[in-house]
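Welcome, and thanks for taking a look at this model. Please have the sequence and the 3D view ready, and let's walk through a few spots together.

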Amino acid sequence: MHLLRSVLMLLCLASLPATAQDASVDQVLKDLDQPYTTGSGSSSVRPPSPERDILPTTDTPELPGEVSMETPLRDDSLGFGTQGGSSVRPPDSAVPEIAPPSVQARPATGGAQTLQDILARQRGEIVDDSFRSNAEAVGMGPTDDGAGSGALEALGGASDPELWRAMRYDTADLTVTARGPAADVLIQDGGMAWLQFREGPLPKWGGIAMLGMAGLLAVFYLLAGRVRIEGGKDGRTLTRFISVERFAHWLLSGSFIILGLTGLLSLFGRKVFIPAFGHEAYASVAAVTAWLHDNVSWAFMLALVMIFVLWVWDNLPDRTDLTWIAQGGGLIGKGHPPAKKFNFGQKIIFWSVIVLGTSISVSGLALLFPFELQLFAPTFEKLNAIGLPQLLGFGPLDTNLAPHEEMQLSQLWHAIVAFVLMTIIIAHIYIGSLGMEGAFDAMGSGQVDENWAEQHHSIWAEEKKAEERGAGGAQATPAE
């Protein structure tokens, strides 16, 4: 570097007059070594001297917008600069004044979006894109003679921007060889919102909900411990659930656990499993989990119907639920509130499983049979009709949904409701296993200890003991 600078300096000295050559070479090098200070810091590159800022003059006439031979290469007094560092100032006519988006003349740009539109989207603001979806609104629609009336009319009756605009907003007259409800949808940019939500808020808040529930239960166990049977087990048992009830319960719970694990694997695969195990390993596992998720879902829906038929009558609200609520399920006061076969807490679990499980099943069917079930557009129409979105401050919901948007909304709803149900089921699993002594026996063998039954379901226990005593007396009565 120093050698190159010395050669350049000698060449410069050779071109100077004799008086300038008498200057000390060391002094010149010293001057060149001084850093040049700019507005953004120091630079080792010095600007040209004012005496050489003007190029030699020629007789070439000056053209508008071009650099004349006597034009200064840099005129900082004009305050002109570009992002790319250009020192050439264009003519005043080439720098249009940018008006606010609301008053800009869209026909002048052929309906093109502006820098303000792009920046607003990057800030997450909602931009009215009607100026892009409606070609005639921006002066780009066809005229009576079939030619475009805007700046692109030289392309004929339909310009490329008009074609892409029509395809994007699903107004193009297309003929496709494929068959299907979504075959003629070539552009659907609403998928970016779905992708960003699926990769960001959905796993984040879903994971927080599940881990938060597990953490709360861990704290509760450390503080309160396991709920013990008062007086211990007495050895006598009552039949809590018969075989068909236990089968329906385990079919539902087993299928739900498989569906939950495979769904989480699909959602967190790219962020967690691929970095940990690699693409090839994940691809093999993902293929198996996708098959399991699609086929085990039928077992879940069958079990959902079974437990509804078996237990709906015992899970209807009654007056004993008020007492259970007042005593906080036994946490407030002494003793446990009286309850029938299912107490109020178990009824919450039951109806959560029925309502949320049905919702998951319906959205899952929409995903199993793509583009066949239109769930959200009809729902949005009904909600707009009763004014619920407007009441909540959202404005009318969009009912003109592309087939792909229906699928995307179904997937998001499927995952959101599944996260809610998994969070609830974590609490149910805790109470039925670690949290309460004797609770697992109800679904394990179907037999529960009498002391446990009288402690947690006293009304049902009395009815059950009377029923079994009556059955035993009938068996002891000799036949006549």
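## His 457 and its partners

His 457 and Arg 240 meet through their side chains in a polar contact of 3.3 Å. A polar contact here is a pair of N or O atoms within 3.5 Å; within protein, one must be able to donate a hydrogen and the other to accept it, and residues adjacent in sequence count only if both atoms are side-chain atoms. The His 457 side chain also reaches the backbone oxygen of Lys 341, again at 3.3 Å.

Where does His 457 sit? Its place is the loop between α17 (450-456) and α18 (458-476); helices (H or I, at least four residues) and strands (E, at least two) are DSSP runs, numbered from the N terminus. With a relative accessibility of 1%, His 457 counts as buried, a word that means under 20% relative accessible area, against over 50% for exposed and partly exposed in between (1.4 Å probe, protein chains only). Leaving out residues up to four places away in sequence, His 457 touches Arg 240, Ala 339, Lys 340, Lys 341, Phe 342, Asn 343, Gln 346 and Trp 452, where contact means heavy atoms within 4.5 Å.

## How the model is read

This is a predicted model, in which local features need pLDDT of at least 70 and side-chain atom pairs count only at pLDDT 80 or more, while totals for chains, interfaces and linings use all residues. Residues are numbered from 1 along each chain as its sequence is written, and side-chain values use heavy atoms, with hydrogens and water left out.

Now turn to helix α10 (residues 279-311), which holds Phe 300. Phe 300 is buried, at 5% relative accessible area. Among the residues Phe 300 touches are Leu 252, Ser 255, Phe 256 and Leu 259, as well as Gly 357 and Ser 361. Phe 300 and Ser 255 are 45 residues apart along the chain, yet 5.4 Å separates their C-alpha atoms.

How do α9 and α10 cross? The axes of α9 (residues 243-277) and α10 come within 7 Å and cross at roughly 155°; axes are lines fitted to C-alpha atoms, for helices over the stretch in contact, and angles run from 0 to 180 degrees between N-to-C directions. That makes α9 roughly antiparallel to α10, the term for angles over 145 degrees.

## The whole protein

The protein has 18 helices and 4 strands. Of its 480 residues, 28% count as buried. Among contacts between residues at least 6 apart in sequence, 64% join residues at least 24 apart.

Terms used. Angles under 35 degrees count as roughly parallel, over 145 as roughly antiparallel, 65 to 115 as roughly perpendicular and the rest as oblique.
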